[in-house]
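This report describes the fold of a single protein chain, from its hairpins to its overall dimensions. Please keep the sequence and the model in view while reading.

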Amino acid sequence: MPKSKRQKIVNLTKTSKKGKEGKDELVSLMREACDTFKHCYIFKVNNMRNNYLKDVRNEWNTSRFFFGKNKVMAKAFGNSPEDEYKSNISSLSARLVGNVGLLFTNSEPEAVLEYFNKFEKQDYARAGIKANETVVIPAGPVVRGEDNEKFPHNMESQLRHLGMTTSLVNGVVTNQKPHTICKKGETLSAEQAQLLKHFYYQMAVFKISILSHWCDGKLEILAEDEVNNEDAESILGKLGVLEFDLESYNVDWMKKYKGKSEIVLRPKSVQEVSEVLKYCNSENLAVCPQGGNTGLVGGGVSVFDEIIIQLGRMNEIRSFDEQSGVAVCDAGVILENLDNFVGERGYMCPLDLGAKGTCQIGGNISTNAGGLRLLRYGSLHGTVLGLEVVLADGTVLNNLSMLRKDNTGLDLKQLFIGAEGSLGIVTGVSILTPKKPNSVNVALLAVPNYEFVLENFKLAKSHLGEILSAFEFFDSKSLQLVLKHLNQLRNPLPNTEDSKFYVLLETHGSNFEHDQEKIEMFLEAAMEKEFCSNGSLAQGEGQVRDIWAIREGIPEACGKEGAVYKYDISLPLKSLYSLCEVVEKKLINDKIYLPNDFENSLVKQVLGYGHVGDGNIHLNISAKQYDSRVLNSIEPFVYEFTKKNQGSISAEHGLGVMKGKFISYSKSDEMITVMKNIKNLLDPNGIMNPYKFLV
């Protein structure tokens, strides 16, 4: 028999004995409630008042209520299917965000919802609440309430202390001039809230909203926190708030991940981003930052109905220094537009991607995108000199440095490069751009096997050294798929059908004759050693574009073939293509891929391509449609192979929805704990891109 999930040991954060005992007790009581009660609800309390909550508890005295640290309550449920206490109850853990509690009961949903939909109590507002009306106290004798009760004379000094111009006139509290306590829509201060209470104005409503329901392994989403659209428009204007035609924002470009966001906010400045996050943080509203939505792991689309903050309107290039080559721009600038801008001034972006016409520089930084020329120009951890970031509470970290050397304290920008919007929103970037090369050469080689791909790489580093800017490879199946779906492209190396691999290499230099001589010597050496069966050196910019179009067209061709499972993996070079081979073998053994029986095969083919220069392979499994049987055959096998071979499960695409739960295949428990501690420090309410990783 399988082991009971009740036997699972919950490892709690190291704290004092008293704190740990308290957490242990909460976990024990919650699990006891799981065994006792049929239903579990997550609820949110608006305008918490302990006396009203006590009334609710008394009316539901046969049920159990729990309040506590969300992370501890999530531990009691389990954070994944592997460690959950009951079937699918870990799905509740991901929804324990903000000021929420738990109700365990045997009452049916109809009775629970009917009670809580009707239950609400008017009360006095506290600081931080928005005023729902304008309140002005007129000049003259001060009265309050519907019966115009005279204000007690012994409280006159309190009114003056709270900002009113009062005095005692013949023993009567008198206001010298009209005093506006608050205006409709403004956030109340502590002094305003106290005055409103003195004058009997109740602007708060105590209410419990039922958000989610779990029963017998099934999760039902009953309601979500909502953003006040009027508040959003007051911050961003009407052009900054979208409520209709949101399909393109809710679905990734592969049509694989789909959210349910009902509102998209499009700020135009860092100040607007700050105001939006400040508001969302105060209301415990989850947000999903989004750039060009070209990601491959679902990191840029909502999981449920998180508010999407789309940065496309922040698209200004702020400055460019033609001496140093440092560009400062908004996060929403499209990569190709930035490249064209600096290109007109003799420079180029260090980053180049197939999606450059759509992706945004802020999204590139947030995923630490690698691109095609990392071999020559390095990663964004090196080329990004400074960032402007807005934290969850609206705090703006402005470090748009143009300095290449700055050793004063911790280099905070590195925290946000590759953080996928989980720590804050990147709104501005300072990036070092290299000079545009005077000489560009591109060659395409047909190679008989993967071993010779590596031999060609060694030979290229020896012959081309300082001018080698890219060394890409793709298998013959990738080429055939491109030629099948992108009709405008032709094979530059016809009659090479027996070649299993192709290598694309590029050089960037300052002297065309010198560079061409070097690459010709490399090609001669490769042919002489029989590392390639054929090769072509591009003649002119047109041929350069055509050869690169084949390599950059592979993702598009895969998408046109049907459903595609994509894996972005880093491995030691010797194991790089082995990943494709072992996955293909696994799919065949599992009878998921039937190469000789296309009609009954779920998978069409397995192919691979990538960046030899930085040990990054893109494994693509083309299928007829997305199917759980295919996914279960691939995962976690692909991650187990990666871990066994000392690789990384994400080379440049990030974790997102797809890989968040598999982070332990690349990072130790200690490292994950430190990451979570940083997350909790910068985003204590957990509103930034939740439900993906570090949950």
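In the hairpin of β28 and β29, which residue takes a positive phi? The residue is G615, with a phi near 65°, in a hairpin that has four residues between its strands. Helices (H or I, at least four residues) and strands (E, at least two) are DSSP runs, numbered from the N terminus.

The model is predicted: local features need pLDDT of at least 70, side-chain atom pairs count only at pLDDT 80 or more, and totals for chains, interfaces and linings use all residues. Residues are numbered from 1 along each chain as its sequence is written, and side-chain values use heavy atoms, with hydrogens and water left out.

**The chain as a whole**

The protein chain contains 25 helices and 29 strands. Its C-alpha trace spans about 110 × 70 × 50 Å along the principal axes. Of the 695 residues in the chain, 52% are buried; buried means under 20% relative accessible area, exposed over 50%, and partly exposed in between, with a 1.4 Å probe and protein chains only. Contact means heavy atoms within 4.5 Å. Among contacts with a separation of 6 or more, 74% are between residues 24 or more positions apart.

**Strand pairings**

Two strands pair if DSSP finds at least two bridges between them.

| Strands | Sense | Bridges | Bridge partners |
|---|---|---|---|
| β9 and β10 | antiparallel | four bridges | L168 and V173 |
| β15 and β17 | parallel | two bridges | L265 and I309 |
| β28 and β29 | antiparallel | eight bridges | V603 and A623 |

Strand β28 (residues 603–611) is mostly covered, with eight of its nine residues buried. Strand β29 comprises residues 616–623.

**The hairpin of β9 and β10, and N175**

Strand β9 (residues 166–169) pairs with β10 in the antiparallel sense. Their hairpin has two residues between the strands, and N170 takes a positive phi near 55° there. N175 belongs to strand β10, which covers residues 172–175. Is N175 buried or exposed? With a relative accessible area of 2%, N175 counts as buried. Its surroundings include I137, P138, A139, G140, V142, M164, T165 and T166, all touched by N175 when residues up to four places away in sequence are not counted. The side chain of N175 also reaches the backbone oxygen of K177 at 2.8 Å. That is a polar contact, defined as a pair of N or O atoms within 3.5 Å; within protein, one must be able to donate a hydrogen and the other to accept it, and residues adjacent in sequence count only if both atoms are side-chain atoms.

**An open sheet and the annotated domain**

Four strands form an open sheet in the order β14-β15-β17-β16, with mixed pairing. Its edge strands, β14 (241–242) and β16 (287–290), each pair on one side only. Helix α10 (residues 270–282) packs on this sheet and touches β15, β16 and β17; its direction makes about 165° with that of β17. Such angles run from 0 to 180 degrees between N-to-C directions, with axes fitted as lines to C-alpha atoms, for helices over the stretch in contact.

An unreviewed UniProt entry lists residues 257–436 as "domain: FAD-binding PCMH-type". Over residues 257–436 the chain is 23% helix and 23% strand, and the end C-alpha atoms are 38 Å apart.

**Helix α16**

Helix α16 (residues 450–464) has 15 residues and reaches 21 Å from its first C-alpha to its last, close to the 21 Å expected at 1.5 Å a residue. The expected span is 1.5 Å times one less than the number of residues. N449 caps the N-terminal end of α16, with a side-chain oxygen 3.2 Å from the backbone nitrogen of E451. Just after the helix, G465 takes a positive phi of about 40°. The buried residues of α16 include Y450, V453, L454, F457 and L464. Among the elements that cover the buried residues of α16 are β23 (439–447), β24 (468–475) and α18 (512–528).

**A loop residue**

P494 lies in the loop between α17 (476–485) and β25. P494 counts as partly exposed because its relative accessibility is 49%. Its C-alpha atom is separated by 43 Å from that of I663, 169 residues apart along the chain.

Note on methods:
UniProt positions renumbered as here; feature names shortened; annotations may be inferred.
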